[in-house]
Amino acid sequence: MRDRLVVVGAGAVGAAIAWAAARDGLAGEVVLVDPDPGSGASRVAGGMLAPISEAWPGEQEVLELGAASLAAWPAFAAAVAADAGRPVGLRTEGTLQVATDAADVADLDRVVEHLRAWGREVERLTGREARRREPALGPAVRAGLAVPDDLAVDNRALLAALDAAGRARGVVAERRRVTRVLDDGVRVTGVEVSDGVLEADRVVVAAGAWSASLHPALAGRVRPVKGEILRVRARRSSLPPPVRTVRAAVNGRGVYAVPRDDGRMVVGATQYEAGFDPDVLVGGVRDLVADVERVLPGIADYALEEAAASFRPGTDDNLPLLGPLGPAGLVAATGHGRNGMLLVAVTVDAVSAVLRGEALPDVVRPAAAARSVGAATTGARTDAG
């Protein structure tokens with residue numbers, strides 16, 4: 001064995017870590033293991049890169065981590081695209097956050113107040129001003145927030161680009177299911193797979209909601225948070241979709257519509273604490289359709305192409321688990337929750353630093369995998385993406 005690094009999980013986070021490790025020569029051999037690459041939460045994500053419009057009172061460390069990752073995203077996207085020979089689907093038109101009733105407007109104003117207290121200026125809009133920016137918005141929109149720096153990415157374009165970039169850099173892809181990470185009590189020795197053992201000097205666990213079952217050091221630290229999305233397409237007779245990502249609060253429920261380059265949109269997202277229940281629920285689809293139609297009435301004429309569910313990896317403090325954990329050679333890169341796509345860039349930088357033998361970057365330290373977490377602070381948010 002020649003300094004083998006095994007990355008468990010080929011979603012956006014795992015694929016990006018494997019690509020970067022191979023590109024930078026951080027291991028003699030980089031093996032990316034997943035029975036069905038790109039099939040989990042990354043495949044059904046909305047693709048929002050939105051630390052500002054995701055901001056929530058009491059989650060300043062989440063905001064700061066997300067902002068650091070957003071700043072790193074353009075260079076990350078350019079590097080992946082260069083190795084892949086194809087674009088990653090980064091959209092730079094920005095985000096509009098809107099509200100439809102008095103309570104939702106009050107919540108929006110509370111977020112604005114907190115953002116300004118944290119030194120982040122945002123532009124508050126009336127409903128009319130929001131509709132001027134995005135004519136697809138309906139009359140129910142009463143207020144808005146312009147967030148030009150919050151971006152988006154086509155999640156499926158990103159997954160395809162990461163796959164191509166990894167192969168170009170020599171990442172070895174293994175379509176096998178990992179059942180646990182092995183160690184000798186001091187350091188990791190490999191991973192147990194369905195048909196044997198794959199030896200390794202270091203292991204990065206990036207298996208999303210399934211990470212907790214892979215090693216005792218992760219047990220109870222990550223849980224599945226179910227989410228459903230719809231993919232819709234404008235027809236010839238339809239009003240065009242918005243140019244920007246639209247995030248909305250409708251009677252206290254969060255909904256978003258993220259445009260793609262081909263007249264399609266991703267609409268999401270419900271959120272349930274329901275374990276690994278894979279079914280798309282009629283009630284979830286009903287709520288998504290009703291809420292997004294209130295904000296974007298023209299969507300009623302769109303074609304429904306897909307309804308899908310997956311599982312975001314949640315943690316008790318809404319921060320991911322990044323860095324060394326447990327036996328030597330074990331590195332966590334999981335628990336990204338609603339911010340998986342956003343945090344890919346900062347996660348790659350953090351894990352690469354660890355693989356080089358360096359400390360976690362300062363901005364990542366609140367998300368250190370070895371931290372202790374007190375009482376759960378997940379709240380009742382429903383706008384995860």
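Guide: Let's start at W210, which is partly exposed, with a relative accessible area of 41% (buried means under 20%, exposed over 50%, partly exposed in between, using a 1.4 Å probe and protein chains only). Keep in mind that this is a predicted model, where local features need pLDDT of at least 70 and side-chain atom pairs count only at pLDDT 80 or more, while totals for chains, interfaces and linings use all residues. Residues are numbered from 1 along each chain as its sequence is written, and side-chain values use heavy atoms, with hydrogens and water left out.

Now for the rings. Phe, Tyr and Trp rings (the six-membered one for Trp) pair if their centres lie within 6.5 Å; planes under 30 degrees apart are stacked, over 60 edge-to-face, and the rest tilted. That rule gives five aromatic pairs. One of them joins W210 and F276: the centres are 5.2 Å apart and the planes at 25 degrees, so the pair is stacked. W210 is in the loop between β13 (202–205) and β14 (223–233), and F276 in the loop between β17 (264–268) and α6 (282–295), so this pair ties together parts 66 residues apart in sequence. (Helices are DSSP runs of H or I, at least four residues, and strands are runs of E, at least two, numbered from the N terminus.) F276 is partly exposed too, at 42% relative accessibility.

W210 also pairs with F311, this time edge-to-face, with 5.9 Å from centre to centre and 85 degrees between the planes. F311 is in strand β18 (residues 303–314), so here the parts tied together are 101 residues apart in sequence. F311 is buried, with a relative accessible area of 8%.

β2 (residues 29–33) and β9 run parallel, joined by three bridges, and V33 has E174 in β9 as its bridge partner.

(Contact means heavy atoms within 4.5 Å; axes are lines fitted to C-alpha atoms, for helices over the stretch in contact, with angles from 0 to 180 degrees between N-to-C directions.)

What about the inside? The largest nonpolar core has 59 residues, and F76 and L158 touch the most other members (such a core is a set of buried Ala, Val, Leu, Ile, Met, Phe, Trp, Tyr and Cys residues joined through side-chain atoms within 4.5 Å). Beyond residues up to four places away in sequence, L158 touches A12, W73, F76, V88, V153 and M341. W73 and F76 turn up again with W19 in one aromatic cluster.

Methods:
Two strands pair if DSSP finds at least two bridges between them.
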